Amino acid sequence: YVTEGGVGNFALTFIFGLLWCVANIMFYLTLAYWTRKDSFMGYEMENEDYMIWFCVFAFLAIVCVALRQLAYSYFAVGVARETHSHMIRNILRAPSAFFDTTPLGRIVNRFSKDMESVDMNLPNVLDFLMGMSLLAFGMIALLCFAAAYMLPLVAGVAAVYVHVGRTLSLTLHALRAMENR
């Protein structure tokens, strides 16, 4: 999937997502320090300074989200273009016996269902997965910075999450197998 859409576009999407995560964390840290009137990373600051940094990090987060979505859109269009080309090429290269035994309606139905998955479902799922993963890793990094003693709890929650994910993956695979019968 990554090679179909272009490794460069995927890398840009990931980098802008990572920058968004950093800007987002800094945004919330600035807000936390501002409300407590603490020194911000060792510097004593006035309300105006906090407001400036708050706005800077908010602006950076917005710009990074916009650039991430732009890079991801180019990536998703590249994936769709390559997948459409491969599917058309494979259908046109099929032996004539395939067309004699398979009704045209079934071919069109399967082709349109696969295209819907590639064009609509898969990009949304990958975008959500990437965004939430970056956000989760950013929060874990913030937790390491703020309260390192909570890391064993994070490891336990991650183990439960992986177990539930594997169980749900097997169930989803069985459901899809039933749907394709």
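Helix H2 passes helix H3 in a left-handed crossing. The helices themselves are DSSP runs of H or I with at least four residues, numbered from the N terminus.

Before I continue, a word on the model. It is predicted, so local features need pLDDT of at least 70 and side-chain atom pairs count only at pLDDT 80 or more, while totals for chains, interfaces and linings use all residues. Residues are numbered from 1 along each chain as its sequence is written, and side-chain values use heavy atoms, with hydrogens and water left out.

The axes of H2 and H3 come within 8 Å and cross at roughly 160 degrees; the axes are lines fitted to C-alpha atoms over the stretch in contact, with angles from 0 to 180 degrees between N-to-C directions. H2 and H3 are therefore roughly antiparallel to each other, a label given to angles over 145 degrees. The contact of H2 with H3 involves 26 nonpolar, 5 polar and 1 charged residues. Here Ala, Val, Leu, Ile, Met, Phe, Trp, Tyr, Cys and Pro count as nonpolar, Asp, Glu, Lys and Arg as charged, and the others, Gly among them, as polar.

The second pair is H3 and H5. Helix H3 covers residues 47-92 and helix H5 residues 104-146, and their axes come within 11 Å, crossing at roughly 155 degrees. That makes H3 roughly antiparallel to H5. H3 passes H5 in a right-handed crossing. By class, this contact of H3 with H5 has 16 nonpolar, 5 polar and 4 charged residues.

Which residues touch the most other members of the largest nonpolar core? They are Trp20, Leu29 and Tyr50, in a core of 14 residues. A nonpolar core is a set of buried Ala, Val, Leu, Ile, Met, Phe, Trp, Tyr and Cys residues joined through side-chain atoms within 4.5 Å. H2, residues 7-36, and H3 each supply at least two residues of this core, and the largest share, 9 residues, comes from H2. A second, separate core of 8 residues includes Tyr72, Met115, Val118 and Leu126.

I turn to the aromatic rings. The whole structure contains 6 aromatic pairs, where rings of Phe, Tyr and Trp (its six-membered ring) pair if their centres lie within 6.5 Å. For Phe27 and Tyr28, the ring centres are 5.2 Å apart and the planes stand at 75 degrees, so the pair is edge-to-face, the class for planes over 60 degrees apart. Phe27 is buried, at a relative accessible area of 17%, whereas Tyr28 is partly exposed at 44%; buried means under 20%, exposed over 50%, and partly exposed in between, with a 1.4 Å probe and protein chains only. Ring pairs also link Phe10, Tyr72 and Phe75 into a cluster.

Definitions and conventions:
Angles under 35 degrees count as roughly parallel, over 145 as roughly antiparallel, 65 to 115 as roughly perpendicular and the rest as oblique. A crossing is left-handed if the near helix is turned anticlockwise from the far one by less than a right angle, and right-handed if clockwise. Rings of Phe, Tyr and Trp (its six-membered ring) pair if their centres lie within 6.5 Å; planes under 30 degrees apart count as stacked, over 60 as edge-to-face and the rest as tilted.
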